[in-house]
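Biologist: I have a model open and would like to go through it. Can you take my questions as they come?

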Amino acid sequence: MVAAIALKQQVLPAPNQAAGLALDVADVSHRFELEGKPLPVLDRVSFKVESGEFVALLGPSGCGKSTLLRLVAGLEPPSAGRLLVDGEEIAGPDPARVVVFQDPTLYPWRTVWKNASLGLEARGLLHARRERVDQALELVGLGAFANALPHQLSGGMAQRAALARALVNDPRLLILDEPLGKLDSLTRITMQGELVSLWQRSGFTALLVTHDVEEALFLASRVIVFSERPARIVAEVANNRPYPRHRGDPHLAELRGKVLSHLGLDANW
Amino acid sequence: MSAVSESVRDTPSIRLAALSSALAPWATGVAATLAWLAVAALTYFWQDNADSDWPYTDATAVAFAALGGLLAVGTVSASTLRLAQGVRRYAPWLLVLAVFFAAWEVVTAKVALLPMPFFPPPQAIFEVLVDDWVRLADSIIASLFLLGRGYIIGAAVGFAMGVGVGWSVRIGYWVHPILRFIGPLPATAWLPLAFFVFPSSASASTFLIALATGFPVTVLTWSGVASVRSDYYDIARTLGASARFLVLKVAIPAALPHVFVGLFMGLGNSFAVLVVAEMLGVKSGLGWYLQWAQGWAAYANMYAALLVTALICSSLITLLFKLRDHLLSWQKGLVKW
């Protein structure tokens with residue numbers, strides 16, 4: 001029995017030891033101050049994400065989904081309510097919860113390799129885990145571009161580099177803030193497939209913000225639909241289709257109609 | 001078909017253009033060579049004005065001829081050699097310079113059109129460079145030491161203050177008003193006070209140069225740190241970066257392009273203060289040499305010192321730009337100095 005577990009750990013690649021984090025968003029509200037007036041962004045949002053789940057947050061642009069991700073990342077505390085990971089309140093940023101933003105935001109003075117290794121360097125782990133950087137770059141297909149500078153990369157390559165920078169830290173909750181939003185449609189389709197297989201292999205929990213219904217349904221096992229700002233949860237749509245999914249799947253088309261109707265867009269379906 | 005295109009290609013004007021573009025690097029090289037040999041001949045064979053006595057006329061002519069010879073070598077040698085590339089690139093400039101030297105030679109030494117001793121001929125400046133080089137070299141070394149000390153102190157303090165003000169609200173609260181009040185005051189305005197307060201004129205000058213350098217470095221470093229994109233911090237923080245890491249590995253590298261603008265402005269300021277301080281208090285250096293030469297009405301010495309000072313200032317700026325190009329090689333579209 002013990003031998004079997006040891007064997008299994010050897011077979012699995014290094015990043016997969018820790019299970020995904022469970023997230024509990026409990027009655028969270030948030031507002032910004034805009035020219036002295038409070039601007040409510042989130043209105044009593046509550047939902048749970050189980051360990052290893054892939055959940056998509058879907059809603060109109062500018063509704064406050066990205067703000068919710070900033071709260072989950074620990075970059076800001078919520079105005080009201082609580083956010084818990086594995087039962088503990090989020091007190092600040094933690095490399096176990098890594099964000100990939102819409103804009104890759106690579107550090108232009110660092111090579112691709114040095115960008116990807118930033119998290120390890122910041123925590124003083126670079127010497128011990130150098131090979132993790134190489135692995136992550138190989139994984140996103142940038143092994144040959146380790147010494148390239150960000151301005152030499154295309155948009156898709158830069159976003160892959162940003163993804164590698166997140167994966168190097170073996171995140172247990174990967175927070176994706178429209179990471180494919182600015183890519184051309186072909187690169188986008190490829191990277192959606194890669195995200196799914198990555199998630200399946202690694203076992204992290206994934207929280208994806210998107211305003212693309214098809215993307216949400218292709219990737220997520222559950223889609224949470226938000227209203228216009230201030231964001232409120234309108235509906236939750238479970239999506240039990242097995243992975244890997246196919247874009248032409250009639251069940252997905254059916255779910256798409258359902259989700260659009262929650263967004264008040266069923267007239268366009 | 002081929003006959004038509006042949007005739008189009010062979011129109012005389014096109015042929016001429018092709019010929020001149022093939023000849024151009026050669027032609028300007030040859031012209032510059034001949035021009036410098038002509039300046040040498042003019043200097044050598046045309047007798048100097050009877051009233052004047054320039055011991056280095058012949059030697060200067062030889063120097064001009066040597067330059068012409070060097071250009072000739074560069075013109076005929078293979079274009080892979082650095083000398084040949086330099087000649088090809090600067091030939092038009094060298095041609096114009098030859099014309100300038102010829103005119104200078106004629107209106108001073110040959111026909112004495114310009115009043116002496118205010119406008120010495122090239123051979124007088126050549127004479128200073130040959131005969132007084134020890135004193136000039138001493139002055140250069142003294143100036144470089146003074147400038148180096150003041151500039152390095154000013155740049156280091158300015159950089160640290162700029163990072164502090166840009167990063168920490170509390171440091172900003174205390175430093176910002178001082179910076180606003182004292183910064184715009186020209187460093188030279190402190191001169192009388194500095195020479196009185198400091199134990200030596202050297203330390204007073206060091207302080208003034210540091211002050212002149214420090215202000216632009218502080219302000220530009222500060223603005224560089226303040227304008228770092230907040231995403232850069234957010235991402236580093238989610239990856240586990242400490243405050244120290246954010247300052248050293250995010251804020252400072254991101255601010256470096258601004259810092260170099262400050263260092264560049266500070267270097268210009270420091271030259272101005274260096275020369276003034278040496279003219280008014282310090283008993284050595286190029287500023288002192290200029291003042292001393294003027295006091296003795298040794299105008300040739302003054303021109304020589306000006307020439308040397310210009311060369312040194314320009315070289316120091318070039319050095320700074322080289323350092324910048326090296327450190328900021330990740331940037332696209334850098335301005336070439």
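Predicted model: local features only at pLDDT ≥ 70, side-chain atom pairs only at ≥ 80, totals over all residues.

Modeller: In chain A, 5 of the 5 residues of strand β7 (residues 173-177) are buried, so the strand is largely enclosed by the rest of the structure.

Biologist: Which residues of β7(A) point one way, and which the other way?

Modeller: Leu173(A), Ile175(A) and Asp177(A) point one way, while Leu174(A) and Leu176(A) point the other way. All of them are buried.

Biologist: What does β7(A) pair with in the parallel sense over 4 bridges?

Modeller: That is strand β6 (residues 97-100) of chain A. There, Val99(A) has Ile175(A) as its bridge partner. β7(A) is also joined to strand β8 (residues 205-210) of chain A by 5 bridges, and these two run parallel. In β8(A), Leu207(A) stands opposite Ile175(A).

Biologist: And what sort of unit do β7(A), α7 and β8(A) make?

Modeller: A right-handed β-α-β unit, with helix α7 covering residues 185-202 of chain A.

Biologist: Now backbone angles. Where is Glu178(A), and what is its phi?

Modeller: Glu178(A) is in the loop between β7 and α7 of chain A. Its phi is near 45 degrees, a positive value. Most residues other than glycine have a negative phi.

Biologist: Is Glu178(A) buried or exposed?

Modeller: Glu178(A) has 20 other C-beta atoms within 10 Å. The cut-off for buried is 20 or more, so Glu178(A) counts as buried.

Biologist: What about Arg44(A), where is that one?

Modeller: Arg44(A) is in strand β2 (residues 37-49) of chain A. Its phi is positive too, about 45 degrees, and it is not a glycine. With 14 other C-beta atoms within 10 Å, Arg44(A) is partly exposed.

Biologist: Over to chain B. How do α11(B) and α13(B) cross?

Modeller: The axes of helix α11 (residues 243-280) and helix α13 (residues 299-327) of chain B come within 11 Å and cross at roughly 170 degrees. The two helices are therefore roughly antiparallel to each other.

Biologist: Which residues make the contact?

Modeller: On α11(B) they include Leu256(B), Phe260(B) and Leu263(B), and on α13(B) they include Cys313(B), Leu316(B) and Arg324(B). By class, the contact has 11 nonpolar, no polar and 1 charged residues.

Definitions and conventions: Residues numbered from 1 in each chain as written. Chains lettered and ligands numbered in written order. Buried ≥ 20, exposed ≤ 12 C-beta atoms within 10 Å, placed from the backbone. Pairing = 2+ DSSP bridges. Right-handed = clockwise from strand over helix to strand, strands pointing away. Axes fitted to C-alpha atoms, helices over the stretch in contact; angles between N-to-C directions. Parallel < 35°, antiparallel > 145°, perpendicular 65-115°, else oblique. Contact = placed C-beta atoms within 7 Å. Nonpolar A, V, L, I, M, F, W, Y, C, P; charged D, E, K, R; others polar.
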